[in-house]
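Visitor: Before we begin, could you take me through this model in questions and answers, setting each value beside the definition that gives it its name?

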Amino acid sequence: MSSRMIPSDGGVLSRLNAVAPRIEYLPLEPGRPLPADALFAVEFGNRQTPVPPRCARVRLEPLAGAGLTEVWYANGPVHTGFDGQIRFAADDHHLAAAIEVDEREHGGLEGAAAYVYSSIARFQLTSRYPHLLRIWNYLDGINLGEGDAERYRVFCSGRTAGLRELRQERFPAATAIGRRDGSHMLQVYWLAGREPGIALENPRQLAAYHYPRQYGPTPPAFSRAMVVAPDLLMISGTASIVGHASRHAGSVQRQMAEILNNLDTLLSRARAHGPALPLRFSRATLIKAYLRHPGDLPFVEQQLRERLPAGTPFLVLLGDVCRADLLLELDCLHAAE
Ligand code: 3EB
């Protein structure tokens, strides 16, 4: 495999994955097979039909983009398998995997998160793809519970307990979003690589793993973005947070503007590692917006239409952000065209 020597943020030379999965939002009717060269795919919506192989189903209602499937294309032959409750699919460069557990089988959310993350850590360390790059977490009732009993904070404690051997410079980019379905399911899916990516932080924001005590006993274990390859940037869920503080409580308009500022900053930082990455959203930018209140849809749709090239598909999902004062979060996968 060819890879280029590129200095990471820490100044250490790392071999950046030369080949990244191409990712697109593809209109696929439910039940239609994935493209033959798909590595993995993500569907959205709470359908009851069986989840196809090589697929994760995020059970959040699509307010915009219903029927779009996020397809991750393989580079070369794909092999699939199971390891305990983990399902995976891999090509020669990357591995996509998913696990879903019932909290009640692990004594609650903290135990479930610790179980999931220690399973992931063990699996990744023993696989040919040891480097966690990007990870998505969906859980029930993320803002339920007061103070340190808020379920997002409980999830963070379990996650860190499970990941205990991972250095913070190596934390993957991540998303953590709440459903409201009373299902007790913790769902996690991720992308890992044979080579590490380059984790980026956002100078406008304190590193989440350094958040002060007021946000809970265990700071969240994620990086703001991951340069997966010179032509692929995977940005974490990005909210209206500056420093460590939530900004613009009550205003989805101002939260959106703050989020777009945070994303612009990451796009320009990523250029040092991926000179082909555009500074603005392009046709190869995949955005998912998570909205707490469905009534904010028209504003958010209008903003995304304005920022993305005409006709670029995007998703708006009904989901809860991890702090109760945050109304909106954006996920962004950004590739060279
Ligand atoms: C934040 O910046 C907003 O816990 O994995 C964004 C992305 C957020 C990932 C996570 C949380 C997570 O703190 C919340």
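Guide: Let us start with Ser251, which lies in the loop between β18 and α3; please keep in mind throughout that this is a predicted model.

Visitor: Why does Ser251 count as buried?

Guide: Buried means under 20% relative accessible area, and Ser251 has a relative accessibility of 15%, so Ser251 counts as buried. As for its place in the fold, the C-alpha atoms of Ser251 and Leu328 are separated by 9.8 Å, although the two residues are 77 residues apart along the chain.

Visitor: Is Ala199 buried or exposed, and how do you know?

Guide: Ala199, which is found in strand β14 (residues 198-200), has a relative accessible area of 18%; the limit for buried is under 20%, so Ala199 is buried. Ala199 and Ala284 are 85 residues apart in sequence, and from C-alpha to C-alpha they are 21 Å apart in space.

Visitor: What makes strand β11 mostly covered?

Guide: In β11 (residues 131-140), 10 of its 10 residues are buried, that is, under 20% relative accessible area.

Visitor: How do you know which strands pair with β11, and in which sense do they run?

Guide: Two strands pair if there are at least two bridges between them, and 7 bridges join β11 to β13, so these two strands pair, running antiparallel. β11 and β12 also have 7 bridges, and they pair in the parallel sense.

Visitor: Which residues of helix α4 are buried, and what covers them?

Guide: In α4 (residues 297-307), Leu297, Phe299, Val300, Glu301, Gln303 and Leu304 are buried. What covers the buried residues of α4 includes α3 (252-270), together with the strands β6 (62-64), β19 (285-291), β20 (315-318) and β21 (328-335). As a general point, an α-helix has 3.6 residues a turn, so residues three or four places apart point the same way.

Visitor: Turning to the whole protein, how many helices and strands are there, and why is the protein called as compact as a globular protein of its length?

Guide: There are 4 helices and 21 strands in the protein. Along its principal axes, the C-alpha trace spans about 50 × 45 × 45 Å.

Visitor: What share of the residues is buried, and what share of the contacts joins residues at least 24 apart?

Guide: Buried residues make up 58% of the 337 residues. Among contacts between residues at least 6 apart in sequence, 75% join residues at least 24 apart.

Key:
Residues are numbered from 1 along each chain as its sequence is written. This is a predicted model: local features need pLDDT of at least 70, side-chain atom pairs count only at pLDDT 80 or more; totals for chains, interfaces and linings use all residues. Side-chain values use heavy atoms; hydrogens and water are left out. Buried means under 20% relative accessible area, exposed over 50%, partly exposed in between (1.4 Å probe, protein chains only). Contact means heavy atoms within 4.5 Å.
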